[in-house]
Structures are given as C-alpha cells and as structure tokens.
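This report describes the sheet, the helices and the nonpolar cores of one protein model. Please consult the sequence and the 3D structure shown here while reading.

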Amino acid sequence: MNGYEVKIVESSREFSAREKIKMKDLSNAYRLDQCIGDKGESFIISPADYAILNVQNEHSKQDKEYVKYIIIDKDGNKYHTGSESFWTSFMNIWSEMKEAGEDDYQIEVYTRESRNYAGKTFMTCSLV
C-alpha cells in the first residue's frame, strides 16, 4: 500500500468495476465549496448517482482518515464535499424523491450563516 486507499462504503446503486474506479478518482471532480464560491452564490445540480468514500491518507497533514461525499449529475459531472450538513440535507431529498419514484429533479447548493458559530457558514442544499 502506498499510504493512500479509497473505498466506496455506500452508493446509490451497484457500480461496475469501471464506474467504481472512476468514482474513487477525485482528481477530475469539482469541489462543491468552490462551485458556490465565497460570495454566497448558489449552484444547481441534477443528481443522478452518489457514493460515500472512506479515504485513508497517511500523507494527510490533518486527519489520516476521512469521508468524501460524491454526487454525479445527469451530465456525468462529478462533485465532492466533506460537508456533513450538506450531505444530511442531500440524503433527505434523495431518499424522499426515490421513495416517490421521481428521479428528474434539481438541488440548489448554497451556504448559510451558522447560528452556533458566529462568523462561520455551513453548506446545505434544497430542492428546486
């Protein structure tokens, strides 16, 4: 092992071997926080699939083990984040839309001021 390992621990469906390899490669994925910028803009995604990755990185200066949340949109673009607040909101939307049999929808990704930490923001999303 080279000190870096990525495992898919949950996904929206069973991926092929090729899809799994692509899903674990974050070098060609957009960071959600960079997509929304620091001026409070929002960003729209039409989700098609998701995966939760467990990353073990011995070379990391901070946490050696962390989680990355991946969303693939309808156009095949890949986005990632480590934001728990975003993921909780996303999974609530995903679950209810799947339960209703709806798979053609969009989410708006944005930040909000934290009520718990003055001057801090958190990322979340809403159904459009």
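## Aromatic cluster

One aromatic cluster is formed by Tyr-50, Tyr-69, Phe-86, Trp-87, Phe-90 and Trp-94. Rings of Phe, Tyr and Trp (its six-membered ring) are paired if their centres lie within 6.5 Å; planes under 30 degrees apart count as stacked, over 60 as edge-to-face and the rest as tilted. The model is a predicted one, in which local features need pLDDT of at least 70 and side-chain atom pairs count only at pLDDT 80 or more, while totals for chains, interfaces and linings use all residues. Residues are numbered from 1 along each chain as its sequence is written, and side-chain values use heavy atoms, with hydrogens and water left out.

Across the whole structure, a search finds ten aromatic pairs. One of them, Phe-90 with Trp-94, is tilted, with 5.8 Å from centre to centre and 40 degrees between the planes. Both residues lie in helix 3, four residues apart, or about one turn of the helix. Phe-90 counts as buried because its relative accessibility is 0%, and Trp-94 is buried at 7% (buried means under 20% relative accessible area, exposed over 50%, partly exposed in between, with a 1.4 Å probe and protein chains only).

## Helix 3

Helices (H or I, at least four residues) and strands (E, at least two) are DSSP runs, numbered from the N terminus. The 16 residues of helix 3 should span 22 Å at 1.5 Å a residue, and the end C-alpha atoms are 22 Å apart, which agrees; the expected span is 1.5 Å times one less than the number of residues. Its buried residues are Phe-86, Trp-87, Ser-89, Phe-90, Met-91, Ile-93, Trp-94 and Met-97. Gly-101, with a positive phi near 80 degrees, follows helix 3.

## The sheet and its helices

An open sheet of mixed pairing is built from five strands in the order 1-4-5-6-2, where two strands pair if DSSP finds at least two bridges between them. Strand 1 (4-11) and strand 2 (30-31) are the edge strands, each pairing on one side only. Strand 4 runs antiparallel to strand 1, joined by seven bridges, and antiparallel to strand 5 (residues 65-73), joined by nine. Glu-10 stands opposite Ile-52, Tyr-50 opposite Ile-71, and Val-55 opposite Tyr-66. Strand 4 is largely enclosed by the rest of the structure, because eight of its eleven residues are buried.

Helix 1 (residues 17-24) lies across strands 1, 4, 5 and 6, at about 115 degrees to strand 1. Helix 3 (residues 84-99) packs on the sheet, touching strands 1, 4, 5 and 6, and its direction makes about 145 degrees with that of strand 4. Axes are lines fitted to C-alpha atoms, for helices over the stretch in contact, and angles run from 0 to 180 degrees between N-to-C directions; contact means heavy atoms within 4.5 Å.

## Nonpolar cores

A nonpolar core is a set of buried Ala, Val, Leu, Ile, Met, Phe, Trp, Tyr and Cys residues joined through side-chain atoms within 4.5 Å. The largest has 20 residues, and Phe-86, Trp-87, Phe-90, Ile-107 and Val-109 have the most contacts inside it. Helix 3 supplies the largest share of this core, seven residues.

Leaving aside neighbours within four places in sequence, Ile-107 is in contact with residues including Phe-43, Ile-71, Phe-86, Phe-90 and Cys-125. A second, separate core of nine residues includes Val-6, Met-23, Leu-26 and Ile-72.
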